[in-house]
Amino acid sequence: MTDSTITSTLDTTGKCCPMPMVETNRAIRALRSGEVLEIVATDPGTRTDIPSWCARTGHRLLSMAESDGTLRYYVQKA
Amino acid sequence: MKSMTIVIRDDAYDKILTPLAFTYLAAAEGTHVDILFVNWAVRALTEDGARALKVEGRHADQDAWVRERVAAAGLPNDINALLKALKETGNVNFYACSLAAAIFNVSEHNLIPEASGIVGAAWFLNEKAAKADHCQYF
């Protein structure tokens, strides 16, 4: 994932369930189909919440990465 | 999931947070959520009642700490503000159980504007709970 392919970044650092998913839903609505949302999170619950949300909604989880407790998800809007 | 109903009976501050957090998650995803407030929890649908909610029991002395942690998590730590935020999603309805309203002195006059009214439990159970995809009780 390169910065050039990211349409928008949502930083939920420090926030916990339900806010990362509430804000992710809000952020994805602002994008057009095919655009990519980068989600930065520290809530470990997002490790399960975001992949299952993608499977349920049809958005594509392009990749995820974790470094020093920070999780980054790259989601392409359906 | 298109629709969900929740019945909330416990009005301790920390215990009411879970159903409201679940509501926020579902509503954010477009699920329609109808909530019936029964027993003491009906008072959460009044400004004074929501303001009076406290952490109770053996954790009562940690009320301020819980509120700080809720705010740090990004949620409104005031129940009135949280109910407003849920209503603003456009996917949530709050109902006061008529029996609970009668017992705990809640009327149309002191209901918060975000509430959809005082309703009979039979209506809620048949028209909302029985027709929803999923029901939860707290």
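## Burial and basis of the model

A residue is called buried when its relative accessible area is under 20%, exposed when over 50%, and partly exposed in between (1.4 Å probe, protein chains only). On this scale, 49% of the 138 residues in chain B are buried.

The model is predicted, with local features requiring pLDDT of at least 70 and side-chain atom pairs pLDDT 80 or more, whereas totals for chains, interfaces and linings use all residues. Residues are numbered from 1 along each chain as its sequence is written, chains are lettered from A in the order in which they are written, and side-chain values use heavy atoms, without hydrogens and water.

## Fold of chain B

Chain B contains six helices and five strands, defined as DSSP runs (helices H or I, at least four residues; strands E, at least two) numbered from the N terminus. Their order from the N terminus is β-α-β-α-α-α-β-α-β-α-β.

The C-alpha trace of chain B spans about 40 × 35 × 25 Å along its principal axes. Of the contacts (heavy atoms within 4.5 Å) in chain B between residues at least 6 apart in sequence, 73% join residues at least 24 apart.

## Interface with chain A

The size of an interface is often given as the accessible area lost when the parts come together. Between chain A and chain B, about 910 Å² is buried, 63% of it from carbon and sulfur atoms; this area is what the two parts lose on being put together, summed over both (1.4 Å probe). On the chain A side, Pro18(A), Met19(A) and Val22(A) lose the most area to chain B, together 44% of what that side buries.

Fourteen residues from chain A and nine residues from chain B take part in the contact.
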